[in-house]
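Please look over the model below.

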Amino acid sequence: MKNIKKLLGLLIISLSVLLLTACSDDKSEKTATTSAKAKAPEKKHVEHGEATDTAKYKFEKEFGAKCVERELQKSTNPESDKGRIDESCGCIARHISEDLSDVDAEKYLQEHEDTHTLQIKFDAAAYFCLQNKPLPKGPHLFGK
């Protein structure tokens, strides 16, 4: 009985030492990788066919401006709607430019042409950006 207790005690001690060393190795690797990331910023790898950062920035600015202009033309009260529309159009432009291809960027920026893929991305971005936004109140008719 005493031998079993000794064996069980040694087993518990060896398992605890094993777990402590395994945990300390994980922490040292994590701190080493986080310190390396803090020292050298990651360079964004541009995939083949993806637009460059400058093209994406130009696209965001131009697309956002055209979107705001188009929406303000439809608005009944442009002064009060400008901030909301500006924010929504900026969100849509950023969402589209996240995975903008160089062909789409070139056609939009140089030829001012909307491609079918841009229309699909616009619909997805509009849904993403506007799904939780409160809509402006419509006219109040007939006392309810």
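Lys56 is buried, at a relative accessible area of 6%. Buried means under 20% relative accessible area, exposed means over 50%, and partly exposed lies in between (1.4 Å probe, protein chains only). Lys56 sits in helix H2. Helices here are DSSP runs (H or I, at least four residues), numbered from the N terminus. A polar atom of the Lys56 side chain lies 3.3 Å from the backbone oxygen of Glu98.

Ser97 is part of helix H3 (residues 78–97). Ser97 counts as buried because its relative accessibility is 3%. A polar atom of its side chain lies 3.1 Å from the backbone oxygen of Arg94. Not counting residues up to four places away in sequence, Ser97 touches Lys56, Phe59 and Glu60. Contact means heavy atoms within 4.5 Å.

## Basis of the model

This is a predicted model: local features need pLDDT of at least 70, side-chain atom pairs count only at pLDDT 80 or more, and totals for chains, interfaces and linings use all residues. Residues are numbered from 1 along each chain as its sequence is written, and side-chain values use heavy atoms, with hydrogens and water left out.

## One side of H4

Which residues of helix H4 (residues 102–109) are buried? They are Asp104, Ala105, Tyr108 and Leu109. These four cover an arc of only 115° around the axis, so they are on the same side of H4. The arc is that of the directions from the helix axis to the C-beta atoms. Helix H2 (53–74) and helix H5 (116–130) are included in what covers them.

## Nonpolar cores

The largest nonpolar core has 15 residues. Such a core is a set of buried Ala, Val, Leu, Ile, Met, Phe, Trp, Tyr and Cys residues joined through side-chain atoms within 4.5 Å. Those with the most contacts inside it are Phe59, Phe63, Ile92, Ile96, Leu100, Tyr108 and Leu118. H2, H3, H4 and H5 each supply at least two residues of this core. H5 gives the largest share, four residues.

Leaving aside neighbours within four places in sequence, Ile96 is in contact with Phe59, Phe63, Leu118, Lys121, Phe122 and Ala125. Another core, of five residues, lies apart from the largest one. Among its members are Cys67, Val68, Ile85 and Cys89.

Methods: Polar contact = N/O pair within 3.5 Å; in protein donor to acceptor, adjacent residues only side chain to side chain.
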